[in-house]
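Let's take a friendly walk through a protein model. Have a look at the structure below, then read on.

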Amino acid sequence: MKKVNLTIDGQSVTVPEGYSVIQAAKELGIEIPALCYDPNLEVVSACRLCLVEIEGSRKLETSCSVKVREGMVVNTETEKVVNARKNILQLLLDSHPNDCLTCQKAGECLLQKYAYRYDVKFRKHDGAVRPKLMDTSSPYILKDNSKCILCGKCVRTCNQIDDRKVLSFAERGYETKIVLDADQTFETSKCISCNRCVTVCPVGALVDKRLMGKVRTWDAEVKTVNCKVCQYGCEFEVLSKNKKKVAVRAKSPANGRPLCLKGRLTTELTQLENPDKPYRKIGNKFVESSWSKTLGLADIMEKIEKIENTKKDND
């Protein structure tokens, strides 16, 4: 593959010609802030936070979408770039609820991280804020539209799986929001609770409900395990506090791994001493169920028991 030489913040780097500027910067250990970018998802340049200054260009460019060119000179932290990022972050904070102290995403939230990095703070104003539309219908996922920054990562990751494609954008302008099917809830939609959307959400708009209130990220000991349910081997994190395993959460579905509820619950059952009760969606309603029925093992266990009893009788 052809290589390209360029300079980023005074450092020279050689990368494949298909690389974007944000990928090239990563090779140098330079983190260009971004809220909508994910190397596993389609590039949409929605958040504009990854703007950089490229010599010869009259405007700031989105580093996630601009491909590297031979001899390109890029500056990622000029005064013009920093001011643009501050303005973007300020607009996002002006629409965002100020509950970082109690938000489950605290410590991992990218909006929180970049606001701190550029010294952007919440401020009082008389303008509009995003409405508090919460979906609490699922025992697995909490959706809070007031925290959504419309990066679209949840929509893109959901749409990567042909038989899912549950999430989409609805309404227009400031009323734009993320919806499930025809503006349904998690309970009434065809969502299968795989948690793909939760793993990519950069803020607290989509949260793993079975993790809430159990441990904060900075207090947790984390161990990565692979699911054994199918050949994909999706990755999950087992979170421990005071040497006790308290929760399981899905990792980003990279390398084609689809993620599914069965894999997640199986990992909980095998890894946790006291896993939360499981739920099945029957029709358009979540119903508390047994582990054997939820994991689809009831008929299998019944047949195993029958075979073993028959063998005992023959012996």
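Buried means under 20% relative accessible area, exposed means over 50%, and partly exposed lies in between (1.4 Å probe, protein chains only). By that rule, Tyr140 and Phe286 are both buried.

This is a predicted model, where local features need pLDDT of at least 70 and side-chain atom pairs count only at pLDDT 80 or more, while totals for chains, interfaces and linings use all residues. Residues are numbered from 1 along each chain as its sequence is written, and side-chain values use heavy atoms, leaving out hydrogens and water.

**Aromatic rings**

The structure holds one aromatic pair (rings of Phe, Tyr and Trp, the last by its six-membered ring, pair if their centres lie within 6.5 Å; planes under 30 degrees apart count as stacked, over 60 as edge-to-face and the rest as tilted). The ring centres of Tyr140 and Phe286 are 6.1 Å apart and their planes meet at 70 degrees, so this pair is edge-to-face. Tyr140 sits in the loop between strands E6 and E7, and Phe286 in strand E15, 146 residues apart (strands are DSSP runs of E, at least two residues, numbered from the N terminus).

**Cysteines**

A disulfide is a covalent bond between the sulfur atoms of two cysteines.

Terms used:
Helices (H or I, at least four residues) and strands (E, at least two) are DSSP runs, numbered from the N terminus.
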